[in-house]
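Please read them with the structure open beside you.

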Amino acid sequence: MNAGLSRGPAGPACEAGATAADVSIVVPCYNERANVRPMVAALSQALAGREWEVIFVDDNSPDGTIDEVRALAEQDGRVRGVLRVGRRGLSSAVIEGVLSSSARIVAVMDGDMQHDESCLGQLIDAVARDGYDIAVGSRHVAGGDNAGLASGWRTFLSDSGIRIVQMILPVRLGDPMSGFFAMRRDLFERTVPRLSGTGFKILLDVFLSAPQRPRVLEVPFVFRPRAAGESKLDVLVLLQFAAMLGDKLCRGFLPIRFIGFGLVGLIGILVNLAVLEIGRRCGTDFATGQWLGTLVAMVTNFWMNNALTYRDRRLRGMRMWLGLGLFMVICAAGAVADVGIARAIFSSDGQWGLASMAGAAIAVVWNYAVSSTLIWRVR
Ligand SMILES: Nc1nc2c(ncn2[C@@H]2O[C@H](COP(=O)(O)OP(=O)(O)OP(=O)(O)O)[C@@H](O)[C@H]2O)c(=O)[nH]1
Ligand SMILES: [Mg+2]
């Protein structure tokens with residue numbers, strides 16, 4: 001469920017005949033309350049003399065980020081907020097923020113003051129005046145710097161990721177993982193249907209999905225340390241990054257969630273076998289071991305899918321327990337179908353390997369399709 005917040009009543013942009021914004025700045029934010037005011041103050045200074053608006057897209061942060069946005073929006077018509085409830089994800093937040101805006105040029109930047117707003121003017125001019133499709137704030141061209149990364153380990157991860165990505169990029173780019181850029185809205189909108197929309201790397205997603213090779217300019221900037229709040233980058237975000245690349249390499253042939261669901265299913269088989277083996281060593285009979293193994297595998301599969309495959313629609317509390325119950329029923333039905341189909345194919349074909357694979361494949365597709373629709377309600 002999404003609920004947009006309208007402009008504050010007192011802002012100059014509300015008056016009839018007020019000039020529309022030339023650029024919409026989209027800021028994904030989660031638990032960034034302390035950064036909202038400094039950010040708007042910094043934008044006001046950096047973009048003096050331009051018509052602009054800023055759209056904070058908040059995923060219902062527990063620290064009340066959206067309340068701070070609302071308070072500011074009441075005083076300044078250039079400030080807007082989009083509140084998303086029951087959703088998470090930087091990339092999808094950016095997509096929805098851009099789609100909720102209407103300026104000809106859109107800019108994207110983090111809400112933790114790590115991106116140097118004084119470079120925004122250059123990024124905007126490159127697109128508005130100099131004919132570039134995308135202008136990227138870059139830490140990896142002469143004059144840029146990655147000093148603000150929290151640790152040597154983060155620098156290593158970032159550099160390695162960039163090297164991998166450069167191998168598959170359609171354009172030469174020093175910093176394809178940047179989250180600081182300006183681009184033509186019409187190009188973004190034409191790209192949206194092909195975007196994976198998962199994880200943290202929206203710019204990379206745009207480059208790998210754009211319907212045409214974009215004209216790109218890189219503008220150096222120094223990545224600052226976080227002003228306040230905490231990083232949201234964790235190991236699950238890294239896995240989502242790998243899944244996004246996988247999705248692009250498969251050219252969208254298989255849905256990204258199906259790949260995740262299938263991988264989780266493979267891990268489930270290993271879990272099942274491990275429990276069976278532990279049971280055997282403890283002297284449990286085969287049938288009991290198999291029951292236990294299946295139960296543990298179902299619970300771990302549900303947990304992994306909830307935390308990874310459907311991270312952006314993660315179930316919590318009572319809904320999670322109901323989801324787990326439903327997941328078990330769906331998987332049990334899938335298992336019955338698996339055995340039935342395998343038997344039918346075996347009796348007509350006599351090839352047990354083929355019969356078994358066909359049964360398993362149909363069970364996975366069934367489990368995925370029904371779980372997606374009924375449990376995590378992906379439309
Ligand atoms: N709406 C929304 N914003 C998010 C989400 N995750 C992160 N963000 C915002 O995206 C921006 C970048 O996230 P950070 O956690 O700072 O990631 P990072 O800059 O790559 O990592 P650090 O260098 O450790 O700060 C920040 O403004 C976050 O508040 C999310 O799930 N939803
Ligand atoms: Mg950050």
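**Notes on the predicted model**

1. Leaving out residues up to four places away in sequence, Asp175 touches Val136, Gly137, Ser138, Arg139, His140, Ile162, Leu203 and Glu218, where a contact means heavy atoms within 4.5 Å. Asp175 sits in the loop between helix 5 (152–168) and strand 7 (181–184), and because its relative accessibility is 0% it counts as buried. Buried stands for under 20% relative accessible area, exposed for over 50% and partly exposed for what lies in between, with a 1.4 Å probe and protein chains only.

2. A word on the basis of these points: this is a predicted model, in which local features need pLDDT of at least 70 and side-chain atom pairs count only at pLDDT 80 or more, while totals for chains, interfaces and linings use all residues. Side-chain values use heavy atoms, with hydrogens and water left out, residues are numbered from 1 along each chain as its sequence is written, and chains are lettered from A and ligands numbered from 1 in the order in which they are written.

3. Taken as a whole, the protein chain has twelve helices and eight strands, these being DSSP runs numbered from the N terminus (helices H or I with at least four residues, strands E with at least two). The C-alpha trace spans about 75 × 40 × 40 Å along its principal axes, and of the 379 residues in the protein chain 46% are buried. Among the contacts with a separation of 6 or more, 77% join residues 24 or more positions apart.

4. Helix 1 (residues 33–46) has 14 residues, which at 1.5 Å a residue should span 20 Å, and the 21 Å between its end C-alpha atoms agrees with this; the expected span is 1.5 Å times one less than the number of residues. Its buried residues are Asn35, Val36, Met39, Val40, Ala42 and Leu43. Viewed down the axis of helix 1, these buried residues fall within an arc of 165 degrees, so they line one face of the helix, the arc being that of the directions from the helix axis to the C-beta atoms. On the other side of helix 1, Ala34 and Gln45 are exposed.

5. Which elements cover the buried residues of helix 1? The cover includes strand 2 (23–29), strand 3 (52–58), helix 2 (65–75), strand 4 (79–84) and helix 4 (120–128). With helix 2 in particular, the axes come within 8 Å and cross at roughly 25 degrees, where axes are lines fitted to C-alpha atoms, for helices over the stretch in contact, and angles run from 0 to 180 degrees between N-to-C directions. Helix 1 and helix 2 are therefore roughly parallel to each other, given that angles under 35 degrees count as roughly parallel, over 145 as roughly antiparallel, 65 to 115 as roughly perpendicular and the rest as oblique. Helix 1 passes helix 2 in a right-handed crossing; a crossing is right-handed if the near helix is turned clockwise from the far one by less than a right angle, and left-handed if anticlockwise. The contact involves Arg33, Val36, Arg37 and Val40 of helix 1, together with Thr65, Asp67, Glu68, Val69, Ala71, Leu72 and Gln75 of helix 2.

6. Helix 3 (residues 90–99) is largely enclosed by the rest of the structure, because eight of its ten residues are buried, namely Leu90, Ser91, Ser92, Ala93, Val94, Ile95, Gly97 and Val98. These buried residues of helix 3 pack against strand 2, strand 3, strand 4, strand 5 (105–108), helix 6 (185–191) and helix 7 (202–209). Ser92, with a relative accessible area of 12%, touches Arg84, Arg87 and Gly197 when residues up to four places away in sequence are not counted.

7. Helix 8 (residues 235–249), with 15 residues, reaches 21 Å from its first C-alpha to its last, close to the 21 Å expected at 1.5 Å a residue. In helix 8 the residues Leu236, Val237, Gln240, Phe241, Met244, Leu245, Asp247 and Lys248 are buried, and the buried residues of helix 8 pack against helix 5, helix 7, helix 9 and helix 10.

8. How do the last two of these helices lie to each other? The axes of helix 9 (residues 256–281) and helix 10 (residues 286–309) come within 8 Å and cross at roughly 150 degrees. Helix 9 and helix 10 are therefore roughly antiparallel to each other, and helix 9 passes helix 10 in a right-handed crossing.
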